[in-house]
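Here's a quick briefing on one stretch of a sheet and its neighbours. Have a look at the model first, then read on.

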Amino acid sequence: VSVSRRQIIGLEALLRWNHPTRGTLTPNGFIEIAEELGLISEISRWVLEEACAQLAKWRTNGHMDVRMSVTMSALDFDRSDIVPSITECLQRHALPPARMELEITESLMMNNAAGVKLKVEELRGAGISIAIDDFGTGYSALAYLQQFPVSTLKIDRGFVRDLDGPKSNPIISAITGIARGFDLDVVAEGVEQLHQVETLQLLGCDIMQGYY
């Protein structure tokens with residue numbers, strides 16, 4: 001939600017596994033195992049397909065300006081076909097590339113930098129946005145922001161949860177300042193209370209997501 005515009009501008013696809021005996025599992029409960037077993041590529045393909053199909057339905061209902069965010073596994077970028085598989089999915093559902101945002105981690109930029117950088121550049125060249133998820137919690141190396149053509153920094157919900165006044169979290173102030181310096185969008189995750197909204201606005205963040 002853009003708070004200043006009071007408008008929904010995007011959505012994030014959240015994966016859940018409806019397990020027959022353990023109930024609803026979040027990604028923390030199964031993604032690491034899927035990566036170890038070599039199943040993550042198929043899961044990622046399914047998630048992207050479902051997300052694109054849903055966004056296409058919303059667009060036919062008149063919601064033309066919303067953007068869909070999908071989290072990608074670091075192992076997805078080991079695939080040689082990662083870029084064409086994403087662009088072909090968008091084309092199949094007649095979606096403008098600018099309506100899709102892929103979320104990656106800071107650690108992904110640190111590992112296999114040259115190969116990942118080339119794929120990120122290809123995706124950005126195709127018009128797809130790239131966001132760094134949970135920014136500030138991983139291997140933060142600001143030099144990589146100069147090398148990787150990312151478009152968005154997402155503030156981890158842990159920083160937002162601890163907010164208590166506009167001067168209480170220098171990390172959020174630093175992230176918003178970095179975003180302005182690199183001309184990037186910044187999104188705060190896990191916004192659940194009004195005082196968090198008000199404080200984030202004072203800290204220079206306008207786009208927020210969460211249960212509030």
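Both faces of strand E5 are covered: Met100, Leu102 and Ile104 are buried on one side, and Glu101 and Glu103 are buried on the other. That makes five buried residues out of five in E5 (residues 100-104), where buried means under 20% relative accessible area with a 1.4 Å probe, protein chains only. Strands (E, at least two residues) and helices (H or I, at least four) are DSSP runs, numbered from the N terminus.

This is a predicted model, with local features needing pLDDT of at least 70 and side-chain atom pairs pLDDT 80 or more, while totals for chains, interfaces and linings use all residues. Residues are numbered from 1 along each chain as its sequence is written, and side-chain values use heavy atoms, leaving out hydrogens and water.

**Who sits beside E5**
- E4 pairs with E5 in the parallel sense over four bridges; pairing takes at least two DSSP bridges between two strands.
- Met68 stands opposite Met100 in E5.
- From E4 the chain goes through helix H3 (residues 82-92) to E5.
- E6 (residues 129-135) also runs parallel to E5, joined by four bridges, and Glu103 faces Ala131 in E6.

**Arg67**
- Arg67 lies in E4 (residues 67-71).
- Its side chain makes a polar contact of 3.5 Å with the side chain of Ser129.
- Leaving aside residues up to four places away in sequence, Arg67 touches residues including Ile9, Leu11, Met100, Glu101, Thr152 and Asp185, with contact meaning heavy atoms within 4.5 Å.

Terms used:
A polar contact is a pair of N or O atoms within 3.5 Å; within protein, one must be able to donate a hydrogen and the other to accept it, and residues adjacent in sequence count only if both atoms are side-chain atoms. Buried means under 20% relative accessible area, exposed over 50%, partly exposed in between (1.4 Å probe, protein chains only). A crossover is right-handed if, with the strands pointing away from the viewer, the path from the first strand over the helix to the second runs clockwise.
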